[in-house]
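These are my notes from going through one model, entry by entry. I put down what I looked up and what came back.

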Amino acid sequence: MNAVIPPWVIFHIPHDSSYIPSQVRQSIFLNDEQLNKELLCMCDLWTLAMYGNGIPFSQIVSSPVCRLVVDVERFSEDKDEVMAQRGMGVIYTATHCLGRLRRFPGRAERRSLLNNWYWPHHLQLSRKVNLALENYGKAFVVDLHSFASKALPYEGNSDERPEICIGTDPFHTAPEIQEAFFSEFSRSFDTGFNSPFSGALVPIEHYKKDRRVHSVMIETRRDLYEDERNGELLTTFVLVSKRLQMCLLSAISESF
């Protein structure tokens, strides 16, 4: 990215990592081959590399552990998280095909996982958002993800698979942001809204409370840049990455 990124923009990249600590690996029922397949299906591999070129490190919040350890994108309480009904709350017990992933964590194990990985992640995100609000009077969280070219069983009914999916929140994604992101991305990609995924992450302390905190989610279809059978990059990666970065910068500029 050659253009200057506004300092009040925070890039949230929660699912790029495939790292699983050894103590968590012991609780997973899958053998190594099955686990590797699960990681290919569930991790947003290469998302940081694809979007991160030129973004100041201070404006990135990424999880150091795989979402199979804890999913920092979920609500911390299963009663608040719709995906918990499918065994994919903040701590997954089900695989992408709704098989058994791991044993159900006890209270102490759950508390330890959240304290080690979930709460530090959200504290970091909240601090960056609050610093932006203090210094600039606004904050913009850009939530970056990828998704499979064919619907995975856990997704339910999600037949639409555009190249880019723009996820929005009715409170935190203003109409001008929606319009700018759709307009810019649709110049280069087949782009859709809130399908196959919807929503946009905001720190819980600001969620539906502070309209100065803006948010949008960008989901990129993996077959544009990755061989989904093995996770290896395609020759198209560099070109797609540059186009995505240009669309992102233009959309941010048009939004504010």
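Which residues is L233 in contact with, leaving aside its neighbours within four places in sequence? I looked this up first, bearing in mind that the model is predicted. The contacts of L233, with those neighbours left aside, are W46, Y225 and E226.

**Entry: around L233**

I placed L233 in the loop between β6 and α6. Its relative accessible area is 35%, so L233 is partly exposed. I then checked a pair distance: L233 and L45 are 188 residues apart along the chain, and their C-alpha atoms are separated by 9.7 Å.

**Entry: the chain as a whole**

I went through the secondary structure next and found six helices and six strands in the protein chain. Along the sequence I read them off as β-α-α-α-β-α-β-β-α-β-β-α.

For overall dimensions, I noted that the C-alpha atoms fill a box of roughly 45 × 40 × 30 Å along the principal axes. I compared the radius of gyration with the value for a compact globule: for 256 residues that value is near 18 Å, and the protein chain has 18 Å, so the two agree.

I also looked up burial, and buried residues make up 55% of the 256 residues. On contact order, I took the contacts between residues at least 6 apart in sequence; of these, 78% join residues at least 24 apart.

**Entry: α5 and α6**

How do the axes of α5 and α6 cross? I have α5 as residues 175-186 and α6 as residues 237-255. Their axes come within 8 Å and cross at roughly 150°. Angles over 145 degrees count as roughly antiparallel, which means that α5 is roughly antiparallel to α6. The crossing of α5 past α6 is right-handed.

I listed the residues on both sides. From α5 there are E176, I177, A180, F181, E184 and F185. They meet L244, C247, L248, S250, A251, I252, E254 and S255 in α6. Sorted by type, the residues of this contact come to nine nonpolar, two polar and three charged.

**Entry: T220**

I picked T220 in strand β6. Is T220 buried or exposed? Its relative accessible area is 0%, so T220 is buried. Not counting residues up to four places away in sequence, I found that T220 touches M50, Y51, H145, S146, F147, E163, I164, Y225 and L244. I followed up one of these, L244: T220 and L244 are 24 residues apart in sequence and 9.0 Å apart in space, C-alpha to C-alpha. L244 is also among the α6 residues in the contact with α5, and Y225 is also one of the contacts of L233.

I looked at the loop between β2 (60-62) and α4 (107-136), where H96 is found. The relative accessible area of H96 is 7%; buried means under 20%, so H96 is buried. Leaving aside its neighbours within four places in sequence, I have H96 in contact with K37, E38, C41, M42, M88, L152, P153 and Y154.

L98 lies in the loop between β2 and α4 too. L98 has a relative accessible area of 45% and is therefore partly exposed. I noted its backbone as well: phi of L98 is near 70°, a positive value in a residue other than glycine.

**Entry: the loop between β5 and β6**

Where is P196 found? I have P196 in the loop between β5 (191-193) and β6 (213-221). The peptide bond from S195 to P196 is cis, and I noted its omega as near 15°.

K208 has its place in the loop between β5 and β6 as well. I found its phi to be near 60°, a positive value in a residue other than glycine.

**Entry: E33**

With a relative accessible area of 66%, E33 is exposed. I checked E33 against E219: the two are 186 residues apart in sequence and 27 Å apart in space, C-alpha to C-alpha.

Key:
Residues numbered from 1 in each chain as written. Predicted model: local features only at pLDDT ≥ 70, side-chain atom pairs only at ≥ 80, totals over all residues. Heavy atoms only, no water. Axes fitted to C-alpha atoms, helices over the stretch in contact; angles between N-to-C directions. Helix = DSSP H or I, 4+ residues; strand = E, 2+ residues; numbered from the N terminus. Parallel < 35°, antiparallel > 145°, perpendicular 65-115°, else oblique. Left-handed = near helix turned anticlockwise from the far one by under 90°. Contact = heavy atoms within 4.5 Å. Nonpolar A, V, L, I, M, F, W, Y, C, P; charged D, E, K, R; others polar. Rg over C-alpha atoms; globule rule 2.2 N^0.38 Å. Buried < 20%, exposed > 50% of the residue type's maximum accessible area, 1.4 Å probe, protein only.
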